[in-house]
Amino acid sequence: MTYLLGWSVIPQIVVRRERWPGGYKTRGTPLVYPGQEVQSDQPVIRLYKTEKVEALDTTPRLVLPSVSMPAGAGGGNRDYGYAGNGNGLAGDTVPAGLVGRVVDITGRGGVVIESRVAAVEGTLGAGNQVAGVLTMWRSHAVATAVIPPGAILVVPGPLNFTMLRQALSSGIVGIVASSISLRDLEGFLQTDLISLLNSEDMELAQAHLPPLTLLFTEGLGTIAMPARTVNLLSRYQGSVALLAGATSVRQGLFPELLISLPLKEVQRDWQPVQPETALEVDASVRICSGEHEGAIGEIEYLFSHEQVFASGIHARAARIRLEDGSRVVVPLTLLERIG
Amino acid sequence: MQTLSHVEGGPKPASSQKPTVINSILVADCGTVFTKVSLFGLVEGQFRLMARGEAPTTAAPPQGDITKGIVQAIENIEFVTGRRFISQGHIITPEEADGDGVDIFITTISAGGPIRLMVLGAVSPALEELADQAVSGLYAETHPLAAPSYAAHSQPSASSGNTAAPQAANASPWTPERTALEWERQLERIREIQPQAALIVGLADGPAGPHPLQEACQLLLNMTKERAEKGVPQAGKRISVVYAGAPQYVEAVRHMLGNAAEVIRVEPLISQAQLGSTSTAINNLYNAEVIQRIPGYNTLQSWFSSTPVATATSLSSLVRFLAQHYAMNVTAVDVGGATTTVMFAGEQGEFMPVVHSGVGVGPNVGEILQQVGFQRIARWLPFDITEEELREYVLNCMLHPHVTPAQMRELQIAQAFAREAISVALEEGRRHKFAWPDTDLILATGGIFAHTARNGQAALILLDSLQPKGVTSLVLDRTMLVSQLGAVATVAPVAAVQVNENDAVTHRLGTCVIPFGNLPSGQVALRVGIEYHNGRQLSVDVMSGSIEVIPLRLNEQALLTLYPAPTVDVGLGPGERARAAEEIDGGLIGLIIDARGRPLVLPEERRERQARLLQWMQVLGG
């Protein structure tokens with residue numbers, strides 16, 4: 001996987017994102033206009049409560065002997081309820097989630113906001129876009145921990161099914177964690193994850209998921225969150241963030257967390273980071289598969305000739321100096337540049 | 001990056017025109033996961049493969065430009081050859097006096113995914129089958145949706161009590177509620193499919209009359225309206241419709257669809273005779289809707305010496321050439337990250353292509369598991385594996401399709417999926433009533449084969465999945481050239497032939513003898529007599545259920561005599577001795593005798609099956 005923004009963690013970058021809470025057959029009315037500056041807690045969309053399908057009588061027909069179309073054909077007269085998640089019920093307003101400038105309004109009523117953000121891209125996730133206050137999970141003693149409702153909780157380690165169920169009942173809108181087992185994730189989502197990742201229509205696919213948006217920085221398994229990611233998220237604890245969990249291999253969608261940078265960080269000479277993706281000596285990389293999956297290090301040497309690996313395969317390779325000082329030789333195809 | 005001296009897509013400068021003398025060719029094959037570039041040049045008057053490079057395909061973000069991956073792959077070639085091919089982000093063409101640049105640059109593309117095509121109207125099973133056949137050699141997925149009125153007349157309602165097969169004349173019409181539900185179901189299906197184009201079929205001569213055509217248009221209008229309301233990326237764009245229905249209603253269809261669709265009329269699809277026009281129209285749509293929308297296509301177009309070709313089309317040209325040139329039946333297998341292709345070309349001109357766009361060993365590996373299930377994958381593994389581990393492998397593969405299996409366990413799992421990918425493609429072919437005939441040459445290409453650690457692994461994948469019978473040869477395309485050469489042939493046919501003979505099909509694994517029929521369990525199935533050039537003779541008894549490899553090196557030949565058991569056939573009838581009229585060729589593995597039986601049945605007991613798999617791998621050097 002190549003991160004959509006280039007790296008998994010980008011401390012400062014300019015992005016344009018449509019603020020849209022998702023929800024199958026949801027409609028919204030924008031409350032702002034292009035060019036307007038918005039704050040993260042400012043309402044930008046009002047959601048429709050219901051939707052009715054227009055009758056077909058007004059649509060053109062073939063010039064043929066008359067054909068009586070069945071009543072309600074083309075969708076019927078059913079009402080469609082709002083199927084959003086915990087970021088607001090139908091009729092409620094949706095906060096911007098980002099500080100920035102409105103640049104466009106989409107056909108469905110979404111609002112495109114341009115913002116200077118710190119971005120974290122995950123490997124795997126699920127759930128609609130939500131905005132919440134970034135809250136670091138300091139203790140695994142669930143009974144004593146205080147979790148503010150409407151928060152986006154950051155757990156620097158692996159999650160399990162029990163923790164997800166507790167999170168769901170606590171009123172938080174999203175979780176950013178390092179990893180989870182496949183069984184626990186599918187058990188919580190009650191869906192086949194392979195089918196979910198293969199979906200063409202993410203809104204349809206996510207319509208029946210639990211109303212809790214998830215982002216896993218490391219993916220499946222028990223890998224802990226890298227320190228650089230934890231440090232960045234800790235730095236912005238208490239800030240409003242925008243979290244999107246939708247993951248689709250077909251559509252090239254991956255989960256992301258965006259945190260608008262505070263005003264004091266956005267100086268006059270502020271420059272966004274330009275992520276370089278080429279694998280070169282001294283580049284920071286993450287090993288994305290195999291024996292050292294999740295390990296982070298720097299490229300120390302790039303071999304000119306293909307190396308042979310335990311599988312017998314010959315591949316172009318690099319020697320990586322890991323964070324613990326050890327060195328490993330891995331195929332280039334296992335490396336993701338992260339800095 | 002500095003800008004070009006001419007407008008992208010505009011008139012090319014004279015130096016970009018096709019040269020009269022071709023001394024060098026650069027070919028890029030842009031797959032879903034990897035981009036492969038090959039450099040062909042003249043060596044002692046013959047075109048040869050000079051160098052090749054490979055890099056991840058960069059059509060998706062963050063690069064979002066397919067040319068960047070091509071440039072990266074070319075830079076590998078520059079490193080190897082010391083020549084420059086890129087200047088200011090563009091191909092240097094023609095070749096210069098100092099050796100920099102190339103005379104011709106060609107691209108084949110399989111990135112971008114298949115075109116998703118709804119088949120609408122009076123979609124009978126026969127028409128559905130014809131639509132499938134029309135796209136069998138293309139990167140296309142068909143999704144049939146018979147119009148509600150057609151379905152209503154084809155399926156008697158339950159309330160009528162008529163449970164017989166379609167009896168249109170006596171069928172009771174659907175109730176309005178049933179019809180409304182069917183409309184909603186179809187709209188829901190369209191939302192799931194997210195189609196890029198539509199094919200309307202039906203002659204309006206059935207009990208439903210022209211209503212299915214009308215309803216097909218209605219569905220398209222509803223879809224367009226909903227997209228506009230949702231503000232999806234396709235909103236505002238006219239959907240392309242191939243109209244292969246009743247000719248008297250084509251103008252009415254155009255009128256009804258109005259500005260919502262661009263209607264392309266082709267011959268009414270009635271039988272196989274009309275497949276060509278439908279297939280051509282869909283192929284053109286694929287070029288327009290998929291290839292030309294790949295990010296970076298405009299830049300790529302300015303580099304072209306000729307129009308980019310779909311990789312499957314290029315491969316089919318080469319396969320048909322091989323069959324005719326060498327007067328033999330050829331089966332080609334290409335297992336890619338997102339697509340699996342199996343093509344048969346006969347020496348008499350027969351051609352059966354199956355391009356299964358949803359199945360591959362990279363991002364689409366999940367589709368294989370969904371289709372065949374855990375057991376069919378696990379049966380190929382010589383070790384225990386849980387379903388959860390396999391699903392985790394699949395998910396990691398989908399999320400990280402570039403990953404090279406560095407551990408043997410991962411490699412064997414990948415190869416198990418490759419077997420089932422080929423099997424799924426063959427099953428797709430059988431659904432189109434393709435009867436896969438015996439083949440003289442099996443050609444394997446694609447990343448999974450090019451990067452196999454040992455030749456024996458590739459041989460075993462082919463024998464396990466294709467299950468050939470009789471006598472055949474296995475050839476491995478380690479340099480992934482065969483899918484490029486068809487496109488090369490369109491501009492430099494001599495070069496294509498020479499590279500094919502000198503470099504593309506050189507990894508000959510060996511001749512395979514596969515006895516079939518009733519192989520006596522625990523007994524000798526076949527005695528093989530071989531006479532080498534130096535006069536040495538060898539006789540080998542091959543037991544039923546086993547694989548044997550008899551030494552016969554590359555470029556070595558020998559005379560072969562086969563003595564099958566009374567109930568065993570090697571192509572001339574049960575028990576009939578066979579002596580090859582000509583010498584057979586050796587290969588990198590040797591002479592392979594696969595006496596495991598056809599169809600191949602693996603032992604049911606897990607430990608025995610795993611032991612057998614390991615034994616077969618070891619015999620073949622896998």
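Two strands are taken to pair if DSSP finds at least two bridges between them, and strands (E, at least two residues) and helices (H or I, at least four) are DSSP runs numbered from the N terminus. The model is predicted, so local features need pLDDT of at least 70 and side-chain atom pairs count only at pLDDT 80 or more, while totals for chains, interfaces and linings use all residues. Residues are numbered from 1 along each chain as its sequence is written, and chains are lettered from A and ligands numbered from 1 in the order in which they are written.

**View 1. The hairpin of strand 20 and strand 21 of chain B.** Strand 20 (residues 524-532) and strand 21 (residues 537-543) of chain B pair in the antiparallel sense over 7 bridges, and Gly529(B) has Ser539(B) as its bridge partner in strand 21. The hairpin has 4 residues between the strands, and Gly535(B) takes a positive phi near 90° there. Strand 20 of chain B is also joined by 7 bridges to strand 23 (residues 557-564) of chain B, again running antiparallel, with Pro564(B) as the bridge partner of Leu526(B).

**View 2. An open parallel sheet in chain B.** This sheet consists of 5 strands in the order 8-7-9-10-11, and its edge strands, each pairing on one side only, are strand 8 (140-146) and strand 11 (261-265) of chain B. Strand 9 (residues 197-202) and strand 10 (residues 239-245) of chain B run parallel and are joined by 6 bridges, Ala198(B) having Val241(B) as its bridge partner.

**View 3. The side of chain B that touches chain A.** In all, 56 residues of chain B are in contact with 55 residues of chain A, contact meaning that the C-beta atoms of two residues, placed from the backbone, lie within 7 Å. Elements giving two or more residues to this side include helix 4 (176-193), helix 5 (211-230) and helix 12 (387-399) of chain B.

Methods:
Nonpolar A, V, L, I, M, F, W, Y, C, P; charged D, E, K, R; others polar.
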